[in-house]
Amino acid sequence: MTTATRWNTPATTPRTLRFGEHTVTWLPDGYVQLDPRRWLPGTTAEDWTGENAELLDSEGFLAASIGALLIQHGDRAMLVDAGFGPHDIPAAHTHPTLGVLVGGQLPAALAAVGVDPAAIELIAFSHLHDDHFGWAFRPGQGLASPFVNASFAASAAEWANWAQPTDGSPRMRTVGDGEEIFPGVTVRAAPGHTAGHTSFVLSSGERRLIAFGDVFHTPAQFARPDWKVAMDSLPEQGVASRRALLAELARPGTAAFANHFSDVVFGRLGDHSGTPCWEPLEEFS
Ligand SMILES: [Zn+2]
């Protein structure tokens, strides 16, 4: 029987940390179960024993959280990604690499930290998959997006592959590598999961917090960045981006935000007997 821990259970409550002049808050929306051997098809049953078994929920899936990162600076606020929206998809109706896919908590999470969705000025997307844009574009169930004043930013390659209708308004912004999109927040290209996949780097003095999006989906990949991801549209690029990110995370003063890492979404690169690992953080000290 699997023990429920923060490593194999999705986050259900917001988690706030101070980062210099910024406040960052993880806002959970829901979760998706990832079938470990279908998501990472190069892995064997053996790879999911031992410590990696602790990442699996009681049904043998990786419990990937879904949500948004709220970044506040003074009276300004932005989000990285926007959850999945109020949908509950049973395992039989999701992609074969997935189990259940559930969203819907994001507005309550935002309310719990006292932020009006109308005050969000920008939503920056790591990529345009539905578990990252849900509350921005298609809440569904007759609901309009609560983010009535936000502009929506993604890389040119993401918008180029965007199949959904848009309102054609200047709310849709294209952002490029190195661009500062909010005080202290810059764009960092990280292709692989999608061609236009983007990480966002929050800087404060000498310290950095890298919101790396879907470069990694589970802490198990820290030891094995070479594992190909079935849902990476450019698998070789995905490997290269994971290796590049591990090198970035090794720099002093660098922490990370991992939107799909169960309830251990904030952390940094650790060392486990010479092997890279994910070390959760409760504060940035
Ligand atoms: Zn994702």
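This is a predicted model: local features need pLDDT of at least 70, side-chain atom pairs count only at pLDDT 80 or more; totals for chains, interfaces and linings use all residues.
# Notebook: sheet, core and a few residues

Seven strands make up an open sheet with mixed pairing, and their order is S10-S11-S12-S13-S14-S15-S16. S10 (180-182) and S16 (275-280) sit at the edges with a single partner strand each, so one side of each has no neighbour in the sheet. I get an average twist of 35° from one strand to the next.

Next I went along the pairs. Strand S14 (residues 254-257) pairs with strand S15 (residues 266-272) in the antiparallel sense, over two bridges. Ala-256 has Gly-267 in S15 as its bridge partner.

On S13's other pairing, strand S12 (residues 198-204) and strand S13 (residues 207-211) are antiparallel over five bridges. I noted two of the partners in S13: Leu-209 for Leu-202, and Ala-211 for Phe-200. This hairpin also has two residues between the strands, and Gly-205 takes a positive phi near 60° in it.

How do S13 and S14 run relative to each other, parallel or antiparallel? They run parallel, joined by four bridges. Arg-208 stands opposite Thr-254 in S14. From S13 the chain goes through helix H5 (residues 235-249) to reach S14, and I logged this β-α-β crossover as right-handed.

**Ile-210 in S13**

Is S13 enclosed or open? Four of its five residues are buried, so the rest of the structure largely encloses S13. I picked Ile-210, which lies in this strand. I counted 23 other C-beta atoms within 10 Å of Ile-210, and the cut-off for buried is 20 or more, so Ile-210 is buried. Beyond four places in sequence, Ile-210 touches Ser-199, Val-201, Glu-248, Leu-249, Thr-254 and Ala-256. I also took a distance to Ala-154, which is 56 residues apart from Ile-210 along the chain: the C-alpha atoms are separated by 16 Å.

**Gly-99 in S6**

I then moved to Gly-99, in strand S6 (residues 98-102). Gly-99 is buried too, with 23 other C-beta atoms within 10 Å. Which residues does Gly-99 contact, leaving aside neighbours within four places in sequence? I listed Gln-33, Asp-35, Glu-59, Phe-61, Ala-91 and Thr-94. Val-32 is 67 residues apart from Gly-99 in sequence, yet the two are 6.7 Å apart in space, C-alpha to C-alpha.

**Helix H3**

I checked H3 (residues 130-137) for burial. Seven of its eight residues are buried, so H3 is largely enclosed by the rest of the structure. I wrote the buried ones down as Asp-131, His-132, Phe-133, Gly-134, Trp-135, Ala-136 and Phe-137. What do these buried residues pack against? They pack against strand S2 (22-34), S3, helix H2 (106-112), strand S7 (120-124) and strand S8 (151-154).

**The core**

I looked up the largest nonpolar core, which has 75 residues. The members touching the most others are Leu-69, Ile-71, Met-78, Leu-79, Ile-123, Leu-209 and Phe-212. Strand S3 (residues 62-73) gives the largest share of this core, with eight residues. I followed up on Ile-123: leaving out residues up to four places away in sequence, Ile-123 touches Met-78, Leu-79, Ala-82, Ala-136, Phe-147, Ala-150 and Phe-152. Ala-136 is also one of the buried residues of H3.

**Whole chain**

I finished with the overall picture. I count five helices and 16 strands in the protein. Its radius of gyration is 18 Å, close to the 19 Å that the globule rule gives for 285 residues, so the protein is as compact as a globular protein of that length. Along the principal axes, the C-alpha atoms fill a box of roughly 50 × 45 × 35 Å. Buried residues come to 45% of the 285. Of the contacts with a separation of 6 or more, 64% are between residues 24 or more positions apart.

Terms used
Residues are numbered from 1 along each chain as its sequence is written. The radius of gyration is taken over C-alpha atoms; the globule rule is 2.2 Å times the number of residues to the power 0.38. A residue is buried if 20 or more other C-beta atoms lie within 10 Å of its own, exposed if 12 or fewer, and partly exposed in between; C-beta atoms are placed from the backbone. Two residues are in contact if their C-beta atoms, placed from the backbone, lie within 7 Å. A nonpolar core is a set of buried Ala, Val, Leu, Ile, Met, Phe, Trp, Tyr and Cys residues joined through C-beta atoms within 7 Å. Two strands pair if DSSP finds at least two bridges between them. Axes are lines fitted to C-alpha atoms, for helices over the stretch in contact, and angles run from 0 to 180 degrees between N-to-C directions. A crossover is right-handed if, with the strands pointing away from the viewer, the path from the first strand over the helix to the second runs clockwise.
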